[in-house]
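Let's take a friendly walk through a protein model, one stop at a time. Have the sequence and the 3D view ready, and look for each residue as we come to it.

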Amino acid sequence: MATFVDRVVLHLQAGDGGHGCVSIHREKFKPFGGPDGGNGGHGGSVSLVVDPQVTTLLDFHFHPHVKADNGKGGAGSNRDGANGHNLVLKVPNGTVVQTSDGTVLADMVGAGTTFEVARGGRGGRGNASLANAKRKAPGFAELGEPGDQLDIVLELKSVADVGLVGFPSAGKSSLISVISAAKPKIADYPFTTLVPNLGVVRMDNHTFTVADVPGLIPGAANGKGLGLEFLRHIERCAVLVHVIDSATLEPGRDPVADIDAIEAELSQYGGLADRPRLVAVNKVDVPDGRDLAEIVRPDLEERGYRVFEVSAATREGLKELTYAMAELVEAERKAAPPAEPTRIVIRPMAVDDDGFTITAEADGSFTVRGVRPERWVKQTNFDNDEAVGFLADRLARLGVEDKLAKAGAQPGDLVRIGVREFDWQPTLFAGVDFVPGNRGTDIRLEEKSNRASAADRLAARKARRVRSADEVGADASDDLDEDIDDEDDAE
């Protein structure tokens, strides 16, 4: 079984942020110590980095699920939670990072190239960080923000200057083994090479890399043989070399027909028409092979190819072929535009950009989309009325209430922010100043009741027990009149 993997699907999960802490400082003789809840730690991120020592995606093939550490929660006494450790994955040079639908996120070429593919969630703020002049002792804290969760596709495209293409058993592996220090598997049966082989060639002051692509056959661009899986490895090659077997005994095979078949597959794959070509007619050490090479050489030269008769067994013609490769590689390098350093692009937010949008849906509901509103909703504990009131104040200050009203929203309409749905009640959230109450409550969210409060009932009982002075005087005069009447009766 081959131990080379050049395409994998990774399931990534960045670390979640830690929750903030709700705590009140308590100390002897200090009953009002104030809030001291610490902040939660940030979740760990997942990054990719190019490592020259890594040549395959095999490790990710066996371990496709990757998860970074979560941030720790805050604690009392203003103790912040620890941040989750960032996870760094080492990938080969030439790895292309894509989404599941084929969108390219990064093309990682060059040792040390780094790309943050999944960002960890922010840690929630504790009640010490949420305190202000009006809300001196918040009874709530922010929840940790969930980390990014996504699936990505990693594809390896070998970074080489010269690509050797040809039919199986044409001698590509033998050729790369004698012009470089590469040690590919060589045998006398087709499809011996199951993985691309890379070799470094040094000629005088020239150094370039050569890739041996597994054998191509007609239909390779449509999935036959091994071509579809490995044609991507010649996309980055500046020069292509057709390695032709001049000593094949298969019927219907000759150098010209082989080149036509390979060119048809390259054309169908696409994107390789502008690459310069060389033709290496291999195995001329065989008598019949040398005769066939001399016969087809004029036809190939008429097509514009530079033809080299070589033998990997006797190393005949390899020096001339290698110098021709180096010449074309140097020409391509000089013609390429100079590499510019990565520029730092700063994109400030527009002055009239609110940071969110409101969309009226067909069912009569409204959807609020924006980084800040969605993050605030994720970090809100909806079991705490004070936290919900704090969220309402933030949304009102951001302008969500006003924009909903301008969009035609009516009280009771359904409003979605992220994964949450609300019945819009603007009278509760229209910029009303916060009124301190019991921790964890907000009087603006309390449901009104017709039942009298305990204070009202107590006042009514006291009123019934206390009679006014007029009532007492009236009762006394009535008693006096009754006593006078009784005395008159007695006389």
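**Rings, a helix and a serine**

Begin with F140, which counts as buried because its relative accessibility is 3%, under the 20% cut-off. Keep in mind that this is a predicted model.

By the rule used here, there are two aromatic pairs. In one of them, F140 and F390 are tilted against each other, with 5.2 Å from centre to centre and 45° between the planes. F140 belongs to the loop between α2 and β8, while F390 belongs to helix α9, so the pair ties together parts that are 250 residues apart in sequence. F390 is buried too, with a relative accessible area of 12%.

F382 and F422 also make a tilted pair, at 5.8 Å centre to centre and 40° between the planes. Because F382 is in the loop between α8 and α9 and F422 in strand β18, this pair links parts that are 40 residues apart in sequence. F422 is partly exposed, with a relative accessible area of 23%.

Now find helix α3, residues 172–179. Why is this helix largely enclosed by the rest of the structure? Six of its eight residues are buried, so the helix is largely enclosed. Those buried residues include L175, I176 and I179, and what covers them includes β9, β10, β11, β12 and α7.

Finally, follow the chain to S246, in the loop between β12 and α5. S246 is buried, at 3% relative accessible area.

Key. Residues numbered from 1 in each chain as written. Predicted model: local features only at pLDDT ≥ 70, side-chain atom pairs only at ≥ 80, totals over all residues. Heavy atoms only, no water. Buried < 20%, exposed > 50% of the residue type's maximum accessible area, 1.4 Å probe, protein only. Helix = DSSP H or I, 4+ residues; strand = E, 2+ residues; numbered from the N terminus. Contact = heavy atoms within 4.5 Å. Phe/Tyr/Trp six-rings, centres within 6.5 Å; stacked < 30°, edge-to-face > 60°.
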